[in-house]
Amino acid sequence: MDQIEKFVKDSGLKIPAYNVCFYDSNGTDEILDNILCGKKRANTGLFNLFEAQMQLLPRTGDYTVVLDSDMQPRCITRTTKVEVVPFEDVTADCAAAEGDGTLAAWKKAHRKAFAAACEEIGRNFDESMKCVCEYFDVVYRTDRQ
């Protein structure tokens, strides 16, 4: 049994299937810390990127094991709601749940990130592009550092 399977088993949760998430950025552990303290309760991605990477969209009820920068499982989240809306219609509630503070700060950060990601797949970003807003709760965690 690998470390992720053991982590899921040790949680005591009845989880038939799960995703694994690693925030591939310089702030991996900072993002994880924000999840663990409750500041970050949502993720937002571009619908086009899900399609380009042939990833399934998140669904309400999905479980995700979140890894730290050492690729160790640190928590399990459960998706509570998924909304698909144009970038220009993302709400202040979503921005706050992402942990980005104001909607203006969220849009500034995500406009830049989404434009770079679109460039990688040969698309031009525009604010009418659909975003997948996934809200989640932490349902299990370990405090190991």
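**Close-up views of the predicted model**

**View 1. A residue pair between strands β4 and β5.** In this predicted model, Val85 stands opposite Cys131 in β5. The two strands concerned, β4 (residues 73-86) and β5, pair in the antiparallel sense, and eleven bridges connect them. In general, the strands of a sheet pair through backbone hydrogen bonds, in either a parallel or an antiparallel arrangement.

**View 2. Strand β2 against strand β5.** Strand β2, which spans residues 42-46, runs antiparallel to β5, residues 130-141, and is joined to β5 by five bridges.

View 3. Five strands, in the order β1-β3-β4-β5-β2, make up an open sheet whose pairing is mixed. Its edges are formed by β1 (19-22) and β2, each of which pairs on one side only. From one strand to the next, the twist averages 35 degrees. Helix α1, residues 3-11, packs on this sheet and touches β1, β3 (63-67), β4 and β5, with a direction that makes about 90 degrees with that of β4. Helix α2, residues 28-36, likewise packs on the sheet, touching β1, β3, β4 and β5, and its direction makes about 85 degrees with that of β4.

**View 4. The largest pocket and its lining.** The volume of the largest pocket is about 1700 Å³. At least two lining residues come from each of β1, α2, β2, α3 (47-52), β3, α5 (103-120) and β5, and α5 provides the largest share, namely five residues. By residue class, the lining divides into 23 nonpolar, 14 polar and nine charged residues.

**View 5. The whole chain, as context for the close-ups.** The protein contains five helices and five strands, and these elements follow one another from the N terminus in the order α-β-α-β-α-β-β-α-α-β. The radius of gyration is 15 Å, close to the 15 Å that the globule rule gives for 145 residues, so the protein is as compact as a globular protein of that length. Taken along the principal axes, the box filled by the C-alpha atoms is roughly 45 × 30 × 25 Å.

Note on methods
Residues numbered from 1 in each chain as written. Predicted model: local features only at pLDDT ≥ 70, side-chain atom pairs only at ≥ 80, totals over all residues. Heavy atoms only, no water. Pairing = 2+ DSSP bridges. Helix = DSSP H or I, 4+ residues; strand = E, 2+ residues; numbered from the N terminus. Axes fitted to C-alpha atoms, helices over the stretch in contact; angles between N-to-C directions. Contact = heavy atoms within 4.5 Å. 1 Å grid on protein atoms, 1.4 Å probe; cavity = no way out; pocket = protein on both sides within 12 Å on 5 of 7 lines; lining within 4 Å. Points joined across faces, edges and corners; volume = space filled by probe spheres on them. Nonpolar A, V, L, I, M, F, W, Y, C, P; charged D, E, K, R; others polar. Rg over C-alpha atoms; globule rule 2.2 N^0.38 Å.
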